[in-house]
Amino acid sequence: MAGIVLVDLALLLLTALLFVTLAKRVRQPAVMGEIVAGIALGPSLLGLLPGDLPEVLFPPEARPYLEVLAQLGLVLFMFGIGYRLSLSHVKGVGRHIALVSLSSVALPFAMGAALALLLFPWLDQSQLRTEGVLGPALFLGAAMSITAFPVLARIILERGLQKQRVGTVALISAAIQDVIAWSVLAVVATMVTAGGAWSFGRTIVGALLFVLAMIYVARPALAWLLAPERRWAGNSMIVHVTLCSGLLASAWVTDQIGLHAVFGAFLFGTVVPRRHIDATAPEVPERIDQTSLLLLPVFFTVTGLSVDLSTLGTQGFVMVLAVVAVACAGKFLGAAGAARLTGASGRESMVLGILLNARGLTELIVLNVGLSLGALDTRLFTAMVVMAVVTTLMTGPLLSRFHRDTEPGSPVVRRPAEQIGKGAVQ
C-alpha cells in the first residue's frame, strides 16, 4: 500500500506542475493550475478514458492515506492564513471599507441561503446529516460569502494594484470578510454537527472555552516561550516544533469539539506572536508554508475525486448555472454597489466587485468542510466547486477588460510585495 501512495504522490505532483505551468502561460494564478489538475485526475476528465483510471490509480484502499496527507496540508495552510492575518491597518479607514466588507458578505449570504431553499428538493437527502433545509441554507450562504484572500493577494500583487486605492480596499475588505465568514461558518458547523440542544450547547461551550484558552493561555505562553530574550531564542528547531505541535494539537481539539480541524489551526495561527518569530526565526513560517504548498495538490486531488461532472444531469447543470449566477451577482452587487454608494467611481466600484468575486482555494476548503459535515450532497458540492473555479478564472480577464492599465508583471516595490504576497498561494 505504501508503494501505491508514493506513486500517487509522484503522479499528482507532476500533474500539478504541468497545469501550474499552463496556468501561468494564460496569466492565471498558479493555484488555479493545481485546482484544475486535481479535478482532471478525478472522474470528470481522467474518468472519461477507458479503464476506470481514477479507481486504478487511486484505489479505495489508498484514499484514506491521501486524505490524511490532504488534511495535514490543509491545517498547515490554514495556520499560515491565520499567522499572516492582520487587521491592524483597518483602523481609521472609515465607513467605506466597513460598508463594502459587510455588504459583500451579507448579500451573498442572503442570496445563497435563498438559493438553497429553491434547490433543496433536488438534494439527495440520504447524503445530508441534517433534518430540514436550515443546515444547507446556512452553509450555502456562508460558502457564497467567502473571498479567497491568498489568491486575491496574489492577483493584486501581479497586477500592481497594491499601491492603488482599489487594491488596498479589496485586500482589507477580503481580510474582514474572511474573519466574518469563518466565524459564521464555525457557528453553522456547530449547528450542523449538533444532534440536539444538549449537543449544540456542549459544542458552543467547548468552542468558546477553546477561543478563550487560545487568547488568554496560548497567546501569553507562546509570547513568553518565543520571546527574543530567551536563551533558546533563534533555535529554529525549537520554534518549528512548537508551532507545528501547537497547530496540530489545536486542530485536533476543534475536531473533537465538533468543529472542523481547520478552525483550530487557523485560530492558533492568529495568536502566535509574529514579532517574536520574525525577530528570531523568520524562516520557520516559510518552511511550514512550503510544506503546505507541497501537500495542497493532494488536497486538490482528493477534492477532484469527489467531483464528477458527468453525473450532473439536467438538474445538476441547472444547479451549476444557478450557483455561478448567484455567486457572481451577490459578490459583485454587494461590493460594487456599496463602493458606489460611498463615493467610489464607477470603474473603481466595478474593479472592486471583480476582485472580491475571486474564491479559489479558500472556497474549496469551505466546501470540503460542508461535504464532510453532511451539509451538502455530492451534486451541489460539484456545482459549488465549478463556481469556485469559474469565479477565480474570470477575475484576470475581467480585470484586463475593465482595468487595462494593470497587467500581470507590472513593476512593484519589493517591500509592499513582501507584505502582501508573502505566504500567499502562488
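The side chains of Arg63 and Glu55 meet in a salt bridge, with nitrogen and oxygen 3.2 Å apart. The count of salt bridges comes to one. Glu55 is partly exposed, at 34% relative accessibility. This is a predicted model.

## The chain as a whole

Start with the overall build. The chain has 19 helices and zero strands. It holds 426 residues, and 54% of them are buried.

How far apart in sequence are the residues that touch? Take the contacts between residues at least 6 apart in sequence. Of these, 83% join residues at least 24 apart.

## Helices and burial

Helix H2 covers residues 30-40. Ten of its eleven residues are buried, so the rest of the structure largely encloses this helix. Among the buried ones are Ala30, Val31, Met32, Gly33 and Glu34. Ile35, Ala37, Gly38, Ile39 and Ala40 are buried in H2 as well.

Helix H18 spans residues 395-402, and Thr395, Gly396 and Leu399 are buried there. Where do the buried residues of H18 fall, seen down the axis? They sit within an arc of 95 degrees, so they line one face of the helix.

Arg401 also belongs to H18. Its relative accessibility is 48%, so Arg401 counts as partly exposed. Arg401 and Val351 are 50 residues apart in sequence. In space, their C-alpha atoms are 9.9 Å apart.

Gly80 gives another example of sequence against space. Gly80 is part of helix H4, which runs over residues 63-84. Gly80 is buried, because its relative accessibility is 7% and the limit for buried is under 20%. Gly80 and Glu286 are 206 residues apart in sequence. Their C-alpha atoms are 8.8 Å apart in space.

## A nonpolar patch on the surface

Now turn to the outside. Seven names make up one nonpolar surface patch: Val205, Leu209, Val211, Leu212, Ile215, Tyr216 and Val217. Together they have about 660 Å² of accessible area. Tyr216 sits in helix H9, which covers residues 197-225. Is Tyr216 buried or exposed? Tyr216 is exposed, because its relative accessible area is 62% and exposed means over 50%.

## Two buried polar residues

Asn357 lies in the loop between helix H15 (346-356) and helix H16 (360-373). Asn357 is buried, at 6% relative accessibility. Its side chain makes a polar contact of 2.5 Å with the side chain of Arg359. Which residues does Asn357 touch, leaving aside neighbours within four places in sequence? They are Ala327, Cys328, Lys331, Thr391 and Met394.

Ser349 lies in helix H15 itself. At 3% relative accessibility, Ser349 is buried too. The side chain of Ser349 reaches the backbone nitrogen of Arg340 at 3.4 Å. Apart from neighbours within four places in sequence, Ser349 is in contact with Ala336, Ala339, Arg340 and Ala344.

## Two loop residues with positive phi

Most residues other than glycine have a negative phi. Arg27 has a positive phi, near 60 degrees, and is not glycine. Arg27 is in the loop between helix H1 (2-25) and H2. Asp52 also has a positive phi without being glycine, with a value near 50 degrees. Asp52 is in the loop between H2 and helix H3 (53-57).

How exposed are they? Arg27 is exposed, with 51% relative accessible area. Asp52 is partly exposed, at 42% relative accessibility.

## Accessibility side by side

The table gathers some residues from the sections above.

| Residue | Relative accessibility | Class |
|---|---|---|
| Ser349 | 3% | buried |
| Asn357 | 6% | buried |
| Gly80 | 7% | buried |
| Glu55 | 34% | partly exposed |
| Asp52 | 42% | partly exposed |
| Arg401 | 48% | partly exposed |
| Arg27 | 51% | exposed |
| Tyr216 | 62% | exposed |

Methods:
Residues are numbered from 1 along each chain as its sequence is written. This is a predicted model: local features need pLDDT of at least 70, side-chain atom pairs count only at pLDDT 80 or more; totals for chains, interfaces and linings use all residues. Side-chain values use heavy atoms; hydrogens and water are left out. Helices (H or I, at least four residues) and strands (E, at least two) are DSSP runs, numbered from the N terminus. Buried means under 20% relative accessible area, exposed over 50%, partly exposed in between (1.4 Å probe, protein chains only). Patches are made of residues with over 30% relative accessible area and no salt bridge: like charges are joined within 9 Å, nonpolar side chains (Val, Leu, Ile, Met, Phe, Trp, Tyr) within 5 Å. Accessible areas come from the Shrake-Rupley method with a 1.4 Å probe; for residues, only the protein chains shown count as cover. A salt bridge is a side-chain nitrogen of Lys or Arg within 4 Å of a carboxyl oxygen of Asp or Glu. The arc is that of the directions from the helix axis to the C-beta atoms. A polar contact is a pair of N or O atoms within 3.5 Å; within protein, one must be able to donate a hydrogen and the other to accept it, and residues adjacent in sequence count only if both atoms are side-chain atoms. Contact means heavy atoms within 4.5 Å.
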